[in-house]
Each structure stands twice: as structure tokens, then as C-alpha cells.
Amino acid sequence: MSDLGELVNDYLAIWNETDPAARRAKIDAVWAEECSYINPMAEAHGRDQLDATIGAVQAQFPGFVFTLGEVVDIHHEQARFTWELGAEGAEAMVVGFDVAVFENGRIRDVYGFLDKIPTP
């Protein structure tokens, strides 16, 4: 897998990191300073907002983990990939795909799409 593929793995590892200090250190190492994360339910600009968004998702889905889908499609400075969120060993509660845009070896922007979300 390319270096950009490794950044995709790092991206999901950040979403799974529950220690706030360790998560923030990983965000600072992997994400560009002027970054954005946008999906139908959240919008974050900059590392502080990104960190807060990830913390809020972890609070909403305690104990759940993000797993990477089978294929990471990479070309130029972008990647698209699927992911699932759920309890380990159980059917995923949330399924989506993201498009990540890279700049200078870091994640600059992520645009997310949700294919399956829990219904109330």
C-alpha cells in the first residue's frame, strides 16, 4: 500500500483512538493544519473542531470501532474508501465511504457519505 494508503489507515486509527491526548497527537501528525472534515451530519474546520467531532462520535457510539472496507482506491492526491462502524463482531450500525484529499503528505480534507445510519 502506498504512503497515501498508510494515511488512510492512520485516519481510521485516529477515529478509534479513545485517549484524548494520544488522539490529538495523531491528528497533529496526520492532518494538515488547515483541514476540513465534512459529512451529512457534521462539519469541522481545523484540528480543534476535528478532534471535538471525533470525541462526540465516540461518545455517541461508545465501544464501537471503525473498520476499513476491502478496497482503497488511490490516484493523484486523493483516495476513496469504505468503512463500517459497529461493535466488534457485530453487524455494522453505520456504513459509509469517504474521499480524502492529501497535501504535502498529510490529510487536508475528507468528504464523507453515509450509506447506512441507525434509525430512531
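**Close-up views of the predicted model**

**View 1. The six-stranded sheet as a whole.** Six strands form an open sheet with mixed pairing, and their order across the sheet is β2-β1-β6-β5-β4-β3. The edges are taken by β2 (42-45) and β3 (65-75), each of which has a single partner strand, so one side of each is left without a neighbour in the sheet. On average, and with direction ignored, neighbouring strands of this sheet are turned by 20° against each other.

**View 2. β1 and its two partners.** On one side, β1 (31-39) pairs with β2 in the antiparallel sense over four bridges, and a hairpin of two residues joins β1 to β2. Within this pairing, S36 has H45 in β2 as its bridge partner. The pairing of β1 with β6 is parallel and also runs over four bridges, and here I38 stands opposite Y111 in β6.

**View 3. The antiparallel pairs β5–β6 and β3–β4.** Strand β6 (residues 106-116) and β5 pair in the antiparallel sense over nine bridges, with V101 standing opposite D109 in β6. Elsewhere in the sheet, β3 and β4 run antiparallel and are joined by eight bridges, among which T67 has E84 in β4 as its bridge partner. The hairpin of β3 and β4 has two residues between the strands, and in this hairpin H76 takes a positive phi near 50°.

**View 4. Helices α1 and α2 against the sheet.** Helix α1 (3-16) lies across β1, β3, β4, β5 and β6, and its direction runs at about 160° to β3. Helix α2 (residues 20-30) packs on the sheet as well, touching β1 and β6, and the direction of α2 makes about 105° with that of β1.

**View 5. The largest pocket and its lining.** The largest pocket has a volume of about 380 Å³ and is lined by 20 residues, of which N39, M41, V57, F61 and L114 lie nearest its centre. At least two residues of the lining are supplied by each of α1 (3-16), β1 (31-39), α3 (47-60), β4 (78-86) and β5 (94-103), with the largest share, four residues, coming from α3. By residue class, the lining of this pocket divides into 16 nonpolar, three polar and one charged.

Technical notes. Residues are numbered from 1 along each chain as its sequence is written. This is a predicted model: local features need pLDDT of at least 70, side-chain atom pairs count only at pLDDT 80 or more; totals for chains, interfaces and linings use all residues. Side-chain values use heavy atoms; hydrogens and water are left out. On a 1 Å grid over the protein atoms alone, a cavity is a set of points where a 1.4 Å probe fits but cannot get out, and a pocket is an open set with protein on both sides within 12 Å along at least five of seven lines; lining residues have an atom within 4 Å of a point. Grid points are joined across faces, edges and corners, and a volume is the space filled by probe spheres set on the points. Ala, Val, Leu, Ile, Met, Phe, Trp, Tyr, Cys and Pro count as nonpolar, Asp, Glu, Lys and Arg as charged, and the others, Gly among them, as polar. Two strands pair if DSSP finds at least two bridges between them. Axes are lines fitted to C-alpha atoms, for helices over the stretch in contact, and angles run from 0 to 180 degrees between N-to-C directions. Contact means heavy atoms within 4.5 Å.
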